[in-house]
Number of protein chains: 2
Amino acid sequence: MTYGTMIEALGPPTRRAIFEKLAAGPSSVGALAKGMPVSRPAVSQHLKALKDAGLVVEARRGAARIYSVDPKSVAALRDYFDRFWDVALDAYRRSLEGGDA
Amino acid sequence: MTYGTMIEALGPPTRRAIFEKLAAGPSSVGALAKGMPVSRPAVSQHLKALKDAGLVVEARRGAARIYSVDPKSVAALRDYFDRFWDVALDAYRRSLEGGDA
DNA sequence: CATATACGTAAGCCATGACTTACGGAACGA
DNA sequence: TCGTTCCGTAAGTCATGGCTTACGTATATG
């Protein structure tokens with residue numbers, strides 16, 4: 001739910017790759033694992049982490065599980081870095097002007 | 001330099017905390033370590049990781065090293081999630097309309 | 001009911017890395 | 001030069017977690 005948890009969840013490259021694949025559209029676990037260098041259970045574990053972080057949502061269709069990214073989570077991340085950028089830029093300008101030289 | 005490296009670098013909570021402290025303004029290593037639950041060398045190691053990722057820049061003033069966040073890196077991160085948001089939202093809408101039902 | 005598909009979970013292995021203490025070097029002041 | 005401050009690096013410890021294989025469970029199909 002918090003941006004901290006999300007950023008932490010997106011750290012591992014493989015997990016971020018899964019998340020980016022999911023951004024292109026919903027997919028099943030098997031389909032995701034198809035084009036990846038890791039096993040299907042590994043993908044499953046990453047999806048659980050992404051789901052716990054609130055980054056993806058799960059839907060069931062028959063025996064399959066369809067995962068898709070939660071747009072709200074991406075919006076939260078975007079807003080976080082927006083605010084961060086404002087603060088950092090402001091501090092940067094202050095360090096240029098007043099400085100202490 | 002790449003957003004992937006940056007996100008990966010921001011994963012560890014302690015390191016992200018250091019980065020957020022730095023967003024408020026430039027600081028020396030010792031000053032940063034002052035209000036943190038880890039040792040100064042630990043902070044130093046995190047700063048190296050942040051620097052390697054291109055998130056912070058280092059300046060020298062006497063015997064001290066002043067670190068500050070690189071605004072360009074934050075902009076890169078923000079842009080990444082901006083684009084990501086567009087793609088994800090688009091895919092989300094498509095999954096609502098056409099779907100495949 | 002039997003089989004196949006699609007998936008999550010358990011258990012275990014092993015590399016990564018976050019943290020510590022100890023040490024060495026560079027910049028200032030007396 | 002001597003001592004102090006500020007810092008990076010080396011070496012070592014220990015938990016975390018990413019990955020694997022093996023297994024158990026729910027859903028269709030015959």
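In this predicted model, the surface near DNA strand D is built from both protein chains, with helix 4 of chain A and helix 3 (29-34), helix 4 and strand 3 of chain B each supplying at least two residues. Of the 22 residues around DNA strand D, those that come nearest are Ser39(A) and Gly62(A) from one chain and Ser28(B), Gly30(B) and Ser44(B) from the other. Divided by class, the residues of this surface comprise 11 nonpolar, nine polar and two charged.

The surface near DNA strand C has 11 nonpolar residues, nine polar residues and two charged residues.

The two protein chains are related by a rotation of 180 degrees with 0.0 Å of shift along its axis, which superposes chain B on chain A with an RMSD of 0.0 Å. That is the relation of a two-fold axis. Within chain B, the C-alpha nearest this axis belongs to Gly11(B) and lies 2.6 Å from it.

The contact between the chains takes 29 residues from chain B and 29 residues from chain A. On the side of chain B that touches chain A, at least two residues are supplied by each of helix 1 (3-9), helix 2 (13-23), strand 3 (64-69) and helix 5 (71-96) of chain B, and helix 5 of chain B gives the most, with 16 residues. The residues of that side divide into 19 nonpolar, five polar and five charged. Because 100% of the interface residues of chain B are also interface residues in chain A, the copies meet through the same surface.

Within chain A, three strands form an open sheet in the order 1-3-2, with antiparallel pairing. Strand 1 (27-28) and strand 2 of chain A stand at the edges with a single partner strand each, so one side of each is left without a neighbour in the sheet. Strand 1 of chain A is joined to strand 3 of chain A by two bridges, the strands running antiparallel, and Ser27(A) stands opposite Tyr67(A) in strand 3 of chain A. Six bridges join strand 2 (residues 56-61) of chain A to strand 3 (residues 64-69) of chain A, again in an antiparallel arrangement, with Val56(A) standing opposite Val69(A). The hairpin of strand 2 and strand 3 of chain A has two residues between the strands, and in this hairpin Gly62(A) takes a positive phi near 70 degrees. Gly62(A) is also among the residues that come nearest to DNA strand D. Helix 2 (residues 13-23) of chain A lies across strand 1, strand 2 and strand 3 of chain A, running at about 90 degrees to strand 3 of chain A.

In chain B, the axes of helix 2 and helix 4 come within 10 Å and cross at roughly 75 degrees, which makes helix 2 of chain B roughly perpendicular to helix 4 of chain B. Helix 2 of chain B contributes Thr14(B), Arg15(B), Ile18(B) and Phe19(B) to this contact, whereas helix 4 of chain B contributes Val43(B), His46(B), Leu47(B), Ala49(B) and Leu50(B). By class, the contact of helix 2 with helix 4 of chain B has six nonpolar residues, two polar residues and one charged residue.

Definitions and conventions
Residues are numbered from 1 along each chain as its sequence is written. Chains are lettered from A and ligands numbered from 1 in the order in which they are written. This is a predicted model: local features need pLDDT of at least 70, side-chain atom pairs count only at pLDDT 80 or more; totals for chains, interfaces and linings use all residues. Two strands pair if DSSP finds at least two bridges between them. Helices (H or I, at least four residues) and strands (E, at least two) are DSSP runs, numbered from the N terminus. Copies are superposed by least squares on the C-alpha atoms of residues with pLDDT of at least 70 in both. Two residues are in contact if their C-beta atoms, placed from the backbone, lie within 7 Å. Ala, Val, Leu, Ile, Met, Phe, Trp, Tyr, Cys and Pro count as nonpolar, Asp, Glu, Lys and Arg as charged, and the others, Gly among them, as polar. A residue is near a molecule or strand if its C-beta atom, placed from the backbone, lies within 6 Å of it. Axes are lines fitted to C-alpha atoms, for helices over the stretch in contact, and angles run from 0 to 180 degrees between N-to-C directions. Angles under 35 degrees count as roughly parallel, over 145 as roughly antiparallel, 65 to 115 as roughly perpendicular and the rest as oblique.
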